[in-house]
Amino acid sequence: MRLRRAAVALAALGALAGVSLPAHANAPDVFGVGSRETAMGNAVAADVRGVSANYYNPAALVRSPALELSLGYFHASHDLEINGRDTGVDPVKGITGGFVVPGRLLGVPFAFGLGIHLPDDRISRVRSLRQEQPRWELYDNRNQRLFFAANLAIQPLPWLQIGGGLSFMASTRGRLDISGSANIFHSDDSQLRHEVDADLAAVRYPQAGMRVELSERVALAAVYRGQFKLALDLHARIAGDISQITTALLDLETHSINNFLPQQGVLGASWLVTRDLRATFDATWINWSAYESPVARLGIIVDIPPPAGGWPASITPPTNPSPTKVAALRLHDRVVPHLGCEWRAFSTPKLEGFLRGGYEVAKSPFEAQTGLTNFVDRDRHTVSFGIGTTVHHLAREVPGSLSIDAHLQWSELVNATTLKSDPSDLVGDYTARGRIIAVGVSTTFAFDGAKR
């Protein structure tokens with residue numbers, strides 16, 4: 001049984017040869033952060049404030065006049081099909097939250113903020129798929145990640161806010177060692193020892209933003225988010241004696257990019273059309289052409305010296321396998337437009353109510369998958385809706401305001417057929433379409449009762 005378990009472990013690691021690991025982004029890039037911002041189509045670089053600014057524009061943290069705390073939850077379900085069959089992409093769900101602490105330093109307003117996305121079923125996840133197997137490259141396994149951001153913002157001039165900081169993601173690395181003796185004639189007599197070591201490592205990338213108030217009604221913004229990649233490194237070493245006939249050494253290393261997010265640049269604008277109606281627009285440039293292939297690179301050494309007298313004619317010892325052939329993966333840079341609006345439906349000294357809506361369209365960055373690879377993606381159209389209310393002056397003992405916001409986000413991935421250039425392709429032509437539905441709610445408490 002021990003020999004069998006060792007063989008299973010070795011097979012699992014060896015299967016990484018010729019395997020690709022889904023390389024994706026993080027939850028905020030697809031589903032947004034905070035119900036208000038998501039409901040407005042994520043078009044809030046020039047309008048965001050509070051905890052959500054940790055993602056959309058760190059400069060806007062300084063817009064919070066006093067301590068703010070936020071906590072929310074969202075759930076996104078996938079209905080992604082290839083040839084009419086569901087591909088089993090897991091739902092994404094988790095907790096979002098954080099805080100903003102403002103202050104003054106030498107008369108200059110500043111603010112420090114923390115934001116977090118915490119999946120409620122796992123901190124990090126890896127799935128292994130061959131590059132030939134069709135999969136939704138930008139969605140499958142995409143958001144099973146812990147996301148954490150820390151930022152600092154200042155307001156050196158009444159009309160200028162500047163901020164920046166670091167975001168953190170979790171990367172994975174692991175090691176498997178097996179040693180001992182294996183009896184190929186009587187497996188129960190095998191004496192094998194194994195040691196498994198795996199851990200998460202933090203990967204950091206920068207972000208920065210600026211917000212300019214042209215007037216009380218119009219604001220502009222610019223945001224930069226740095227590139228990051230999460231590497232998955234695995235090492236397996238098996239050494240020992242085989243039935244006292246010879247010794248064996250197998251040393252295997254794999255390196256792959258388990259999560260890659262290209263750098264982004266955002267230009268945004270916000271316009272207070274009337275006292276109660278706000279319109280927003282963002283244009284996000286994504287450097288998809290820098291995308292790195294997720295296919296694992298494999299290095300393996302097999303050393304089994306022949307026994308005295310050489311190998312019997314019936315036995316062919318294993319040799320080092322040929323390296324994995326990694327097919328070229330080409331993507332194109334894209335500009336994703338976002339539109340949003342917010343209407344204050346009613347306002348009293350005690351209570352305010354809001355209705356929100358948004359739209360964004362993202363053209364697929366992938367070239368047509370006519371060759372060996374099958375990284376499936378489609379153009380995505382997303383509409384979003386939301387409601388919110390803010391209660392001011394909750395109690396004399398706790399001066400402040402409580403905001404409760406909810407949103408619905410609906411994404412449609414265009415139905416299209418991929419045609420293979422080789423009629424003998426093992427996968428062949430396929431049709432893919434998809435739908436993603438996300439809902440969420442968030443609450444924010446501002447200790448000074450400041451209005452939005």
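Here is a short walk through this predicted model, from the overall fold to its cores and salt bridges.

Let's start with the whole chain. The protein chain is built from four helices and 22 strands, and 48% of its 452 residues are buried. If you take the contacts between residues at least 6 apart in sequence, 70% of them join residues at least 24 apart.

Now step inside. In soluble globular proteins, nonpolar side chains tend to be buried together. Here the largest nonpolar core has 28 residues, and F31, L80, W136, Y139 and Y291 touch the most other members. Helix α2 (27-31) and strands β2 (68-82), β19 (375-376) and β22 (430-446) each give two or more residues to this core. Another core, of 21 residues, lies apart from it and includes V51, Y55, L61 and V203.

Charged side chains are worth a look too, with 14 salt bridges in the count. In one of them, R278 meets D47 at 3.2 Å, N to O. Because R278 sits in strand β15 (residues 277-286) and D47 in the loop between α3 (35-39) and α4 (53-56), this pair ties together parts that are 231 residues apart in sequence. R278 counts as buried at 17% relative accessibility, and so does D47 at 3%. Both residues also belong to a salt-bridge network with R36, E37, E342, R356 and D405.

Strands β2 and β22 come up again in the bridge between R433 and D79 (3.9 Å, N to O). R433 is in β22 and D79 in β2, so the pair links parts 354 residues apart in sequence. R433 is buried at 19%, whereas D79 is partly exposed at 26%.

Methods: Residues are numbered from 1 along each chain as its sequence is written. This is a predicted model: local features need pLDDT of at least 70, side-chain atom pairs count only at pLDDT 80 or more; totals for chains, interfaces and linings use all residues. Side-chain values use heavy atoms; hydrogens and water are left out. Buried means under 20% relative accessible area, exposed over 50%, partly exposed in between (1.4 Å probe, protein chains only). Contact means heavy atoms within 4.5 Å. A nonpolar core is a set of buried Ala, Val, Leu, Ile, Met, Phe, Trp, Tyr and Cys residues joined through side-chain atoms within 4.5 Å. A salt bridge is a side-chain nitrogen of Lys or Arg within 4 Å of a carboxyl oxygen of Asp or Glu.
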